[in-house]
Amino acid sequence: MDHSGHGMTMDLPPFTLGRGLQWSADPFFLVACLVALALYAWGVVRLRRRGDAWPVGRTVSYVVGVLTVMLVMCTGLNDYGMVMFSVHMVQHMVISMLSPILILLGAPITLALRALPPAGRGRKGPRELLLALLHSRYMRIITHPAFTIPLFIASLYALYFTPLFDFLMGSKTGHIAMMVHFLAVGVVFFWPIIGVDPGPHRPGYLMRMLELFAGMPFHAFFGIALMMASEPMVETFKNPPGSLGIEALSDQNAAGGIAWAFSEIPSVLVLIALLFQWYRSEQRQARRTDRAADRDGDKELEAYNAYLASLNARGN
């Protein structure tokens, strides 16, 4: 279907889940997702051939994360999302708040650093360039909460409540750029919070939870603002095609409800991941402490035995 042109009238039948999930691939996202899956598979295979283990859970999480991007960008959801605010909001919420979490839990950067071969002395290969990027000032800025939290919030309010949204929806390139932006914002927001991959900003667990809850209420407020509005607020969705059989304001209310409800999903997912990581970290720390205590105990025992031996030698 042709997505180009603002104010387009698509001849779409009323939305049903079956129609929404029919295959209708966006070439850009299809190629990007297939490349992302292929590179990850290459990394896992390379580690396995070397005799190194890679957690199955990480692979599953990453694959499901990429598949959620394909779900909203390579099916009928992408067609209906051009003319229905509610379907567009499903796309936005999944690609900015669910896909990034699942992809990050797959630890793709850790996998890349372990799988990529180091370049020779004095040379720079992909691994060295990735390490340089991770340690760069640019990366420190874009993963700092003073940057990520305002960006996360502005991606809602500054986009939907200004003419920028209508401008981007007016062309296929603009629409793709907007969806890539949503995905990228989600990644840089959740990356320091989830903290599986190495990164320049790595706060403690309580601070990560605070960062998570600093951004989420604004999603809920945004949803409530859409639900309480007495008229359509976004030009693109003001006049839905008659064939859809929907009314713009009720569709906007549905979009607001989706935005409001969806903010709970990443909160729960990330909290579970954080609590699990915290527990694992405490377990590792306890094991280290036990090993250190065992070593100290062994030293004390050796010293005591040496003392007894010296007393025995003196007695003799």
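Colleague: Which residues line the second largest pocket?

Modeller: Keep in mind that this is a predicted model. The lining of the second largest pocket is made of P55, R58, L105, G195, V196, Y205, A273, F276, Q277, R280 and R284. Helix α14, which covers residues 264-315, gives the most to that lining, with five residues. Sort the lining by class and you get six nonpolar, two polar and three charged residues. The volume of this second largest pocket is about 400 Å³.

The lining of the largest pocket has 29 nonpolar residues, one polar and no charged. Here α2 supplies the largest share, 10 residues. Helices that each bring at least two residues to this lining include α3 (56-73), α5 (85-105) and α11 (172-194).

Let's start with α11. It packs with helix α12 (residues 205-228) at an angle of about 150°, and the axes are 8 Å apart. Angles over 145 degrees count as roughly antiparallel, so α11 is roughly antiparallel to α12. The crossing of α11 and α12 is left-handed. On the α11 side the contact uses F189, F190, P192, I193 and I194, while α12 brings R208, E211, L212, G215 and M216. By class, that contact between α11 and α12 holds seven nonpolar residues, one polar and two charged.

Then there's α5. Its partner is helix α13 (residues 248-262), and the two pack at an angle of about 15° with their axes 8 Å apart. Angles under 35 degrees count as roughly parallel, so α5 and α13 are roughly parallel to each other. Their crossing is right-handed. From α5 the contact takes F85, S86, M89, V90, M93, V94, M97 and L98, and from α13 it takes D251, Q252, A254, A255, I258, A259 and F262. Split by class, the contact of α5 with α13 has 12 nonpolar residues, two polar and one charged.

Conventions
Residues are numbered from 1 along each chain as its sequence is written. This is a predicted model: local features need pLDDT of at least 70, side-chain atom pairs count only at pLDDT 80 or more; totals for chains, interfaces and linings use all residues. Side-chain values use heavy atoms; hydrogens and water are left out. Helices (H or I, at least four residues) and strands (E, at least two) are DSSP runs, numbered from the N terminus. Ala, Val, Leu, Ile, Met, Phe, Trp, Tyr, Cys and Pro count as nonpolar, Asp, Glu, Lys and Arg as charged, and the others, Gly among them, as polar. On a 1 Å grid over the protein atoms alone, a cavity is a set of points where a 1.4 Å probe fits but cannot get out, and a pocket is an open set with protein on both sides within 12 Å along at least five of seven lines; lining residues have an atom within 4 Å of a point. Grid points are joined across faces, edges and corners, and a volume is the space filled by probe spheres set on the points. Axes are lines fitted to C-alpha atoms, for helices over the stretch in contact, and angles run from 0 to 180 degrees between N-to-C directions. Angles under 35 degrees count as roughly parallel, over 145 as roughly antiparallel, 65 to 115 as roughly perpendicular and the rest as oblique. A crossing is left-handed if the near helix is turned anticlockwise from the far one by less than a right angle, and right-handed if clockwise. Contact means heavy atoms within 4.5 Å.
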